[in-house]
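Biologist: I am new to this structure and would like to learn how to read its features one at a time. Could you take me through them, giving the general idea before each case?

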Amino acid sequence: MADQDEFADWLNAYARAQDGDVALLKSLFSADAKFFQTPFNKPIEGAGQISETFAEIWARIVDSSFKIERIADGWAHWTSGGKIEALEEPHRTSGILKAELNANGQCEKLTFWTETLSVRESDMLSQRDA
């Protein structure tokens with residue numbers, strides 16, 4: 001695992017890439033990196049495939065926001081928001097990520113644990129709790 005400063009640098013670049021910078025995002029991963037969108041699914045492999053996956057997600061969301069905070073070395077909590085353009089529906093996600101960096105400061109393995117909450121879900125939850 002890379003040292004704390006390397007992880008902070010990686011995390012800052014990862015946050016900047018969330019504005020849709022596919023080239024920056026791709027540079028953050030090793031050529032044979034693995035991205036687990038959930039810890040239970042087969043990984044997406046390779047920096048190119050990983051960056052394309054993010055680009056597909058970013059293309060569906062407009063008026064996006066992204067915040068990330070380091071919680072331990074290699075671990076961070078993130079939140080994102082925006083609107084799913086095709087559905088005209090707000091979209092919010094919150095998650096934890098674990099990034100394993102190589103000696104060059106590139107991510108070799110990225111794992112997400114994510115919760116997605118749509119407006120409809122939050123309405124249902126508030127009605128249930130009322």
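Modeller: Let us start with accessibility: a residue is called buried under 20% relative accessible area, exposed over 50%, and partly exposed in between, using a 1.4 Å probe and protein chains only. Aspartate 63 has 66% relative accessibility, so this residue counts as exposed. The model is predicted, so local features need pLDDT of at least 70 and side-chain atom pairs count only at pLDDT 80 or more, while totals for chains, interfaces and linings use all residues. Residues are numbered from 1 along each chain as its sequence is written, and side-chain values use heavy atoms, with hydrogens and water left out.

Biologist: Where is aspartate 63 found, and what is its phi near?

Modeller: Helices (H or I, at least four residues) and strands (E, at least two) are DSSP runs, numbered from the N terminus. Aspartate 63 lies in strand E3, which covers residues 61–72, and its phi is near 50°, a positive value in a residue other than glycine.

Biologist: How many salt bridges does the structure hold?

Modeller: A salt bridge is a side-chain nitrogen of Lys or Arg within 4 Å of a carboxyl oxygen of Asp or Glu, and the structure holds two. In one of them, the side chains of lysine 34 and glutamate 45 meet at 3.5 Å, N to O. This pair links distant parts of the chain, with lysine 34 in strand E1 (residues 29–36) and glutamate 45 in strand E2 (residues 44–45), eleven residues apart.

Biologist: Which side chain meets that of lysine 98 in a salt bridge?

Modeller: That of glutamate 100, at 3.2 Å, N to O. Lysine 98 is partly exposed, at 23% relative accessible area, and glutamate 100 is partly exposed at 29%.
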